[in-house]
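Please keep the sequence and the 3D view at hand while you read.

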Amino acid sequence: MPLAIIRPMNYQQFVGMIGNSLWQLIGVLENHPIGGWCNALQRYQFKGMNHVAGQNVRIKFHQALTNAVKLNDRIGVANNILQWGNMKPMNDKMRNSLEASLLSLNDEAKGNLNHVCVERIASISKIYEMWNPAAWVIYDSYCAKGLQWLVSQFWNQDANELHANILKLPWPPGRVGAPVQGFPRLGTEQQARLAFIYASWLCRAIAARLNENRNQEL
């Protein structure tokens, strides 16, 4: 089943469609034998960095991107991000679409996300995440597969595919690996755009619920 377009195309509509299923998704992580969110963060390592160092890198890249006034300077920062992620520099399509894409991401409340470039989505989504780390996520093969695992565990609890039209996230092919069983590989440009947006909204909604819960406990 391909991802469907939400109308109106906005975060609030996405969250409204999922509803209480968000708590079930959170429960999958918190009740997993590995030990939930905290232990997962403690074990996280990437290029010798833990999650705290990873956050600091994202903050620095975010500041560099937003402080770059000229387009060429912003492209330079974007390519530094890709180099950090062991990715090739942006091609012509990515460079020519960068400014319009970032403006579209800023205007998401208007539902105007059709101009978001998804050329080499595993690469360019790293730039989008650094542009606004609180709103967008990297959508590469590793992150997509992690979200597929989360959704599949949620579905296994009730033996159905609830909200499959917005949660059956396709897998962007990586250097190695394959999608979680039952999930598709990424196909069209439109599916790449929806996958990146819905994955980001899903992570944002989960984070919002966790923060609400934490604030109530304080």
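Asn 86 counts as partly exposed because its relative accessible area is 49%, and partly exposed covers the range between buried (under 20% relative accessible area) and exposed (over 50%), with a 1.4 Å probe and protein chains only. You will find Asn 86 in the loop between H5 and helix H6 (92-106). Its phi is near 60°, a positive value in a residue other than glycine.

A word on the source: this is a predicted model, in which local features need pLDDT of at least 70 and side-chain atom pairs count only at pLDDT 80 or more, while totals for chains, interfaces and linings use all residues. Residues are numbered from 1 along each chain as its sequence is written, and side-chain values use heavy atoms, with hydrogens and water left out.

**Around H5 and its loop**

Lys 88 also has its place in the loop between H5 and H6. Lys 88 counts as exposed because its relative accessibility is 61%. Setting aside neighbours within four places in sequence, Lys 88 is in contact (heavy atoms within 4.5 Å) with Leu 82 and Arg 120. Lys 88 and Arg 120 are 32 residues apart in sequence, and their C-alpha atoms are 10.0 Å apart in space.

Helix H5 itself spans residues 71-84 and includes Asp 73. At 43% relative accessibility, Asp 73 is partly exposed. From Asp 73 to Gly 177 there are 104 residues in sequence and 35 Å in space, C-alpha to C-alpha.

**The whole chain**

How many helices and strands does the chain have? It has ten helices and zero strands, where helices (H or I, at least four residues) and strands (E, at least two) are DSSP runs numbered from the N terminus. The C-alpha atoms fill a box of roughly 50 × 35 × 35 Å along the principal axes. A compact globule of 218 residues would have a radius of gyration near 17 Å, and the chain agrees with 17 Å; this radius is taken over C-alpha atoms, and the globule rule is 2.2 Å times the number of residues to the power 0.38.

Of the 218 residues, 45% count as buried. Among contacts with a separation of 6 or more, 67% are between residues 24 or more positions apart. The accessible surface comes to about 11500 Å², and 52% of it belongs to carbon and sulfur atoms; the areas come from the Shrake-Rupley method with a 1.4 Å probe, and for residues only the protein chains shown count as cover.

**The nonpolar core**

In soluble globular proteins, nonpolar side chains tend to be buried together. Here the largest nonpolar core has 66 residues, and those that touch the most other members are Phe 14, Ile 127, Leu 167, Phe 196, Tyr 198, Trp 201 and Leu 202. Such a core is a set of buried Ala, Val, Leu, Ile, Met, Phe, Trp, Tyr and Cys residues joined through side-chain atoms within 4.5 Å.

Leaving out residues up to four places away in sequence, Leu 167 touches several partners, including Leu 3, Phe 14, Trp 155, Phe 183 and Leu 202.

Leu 22, in helix H2 (residues 21-30), is buried with a relative accessible area of 0%. Not counting residues up to four places away, Leu 22 touches Val 15, Leu 202, Ala 205, Ile 206 and Arg 209. Leu 22 and Ile 206 are 184 residues apart along the chain, yet their C-alpha atoms are separated by 6.4 Å.

Is helix H7 (residues 121-131) mostly covered or mostly open? H7 is mostly covered, with eleven of its eleven residues buried. Among them are Lys 126 and Glu 129, as well as Ile 127 and Trp 131.

**Backbone details**

Arg 7 and Pro 8 are joined by a cis peptide bond, with omega about 0°. Pro 8 sits in the segment before helix H1 (11-18).

His 163 has a phi near 60°, again a positive value in a residue other than glycine. The loop between helix H8 (141-158) and helix H9 (164-167) holds His 163.

Here are some of the residues met above, listed by accessibility.

| Residue | Relative accessible area | Class |
|---|---|---|
| Leu 22 | 0% | buried |
| His 163 | 17% | buried |
| Asp 73 | 43% | partly exposed |
| Asn 86 | 49% | partly exposed |
| Lys 88 | 61% | exposed |
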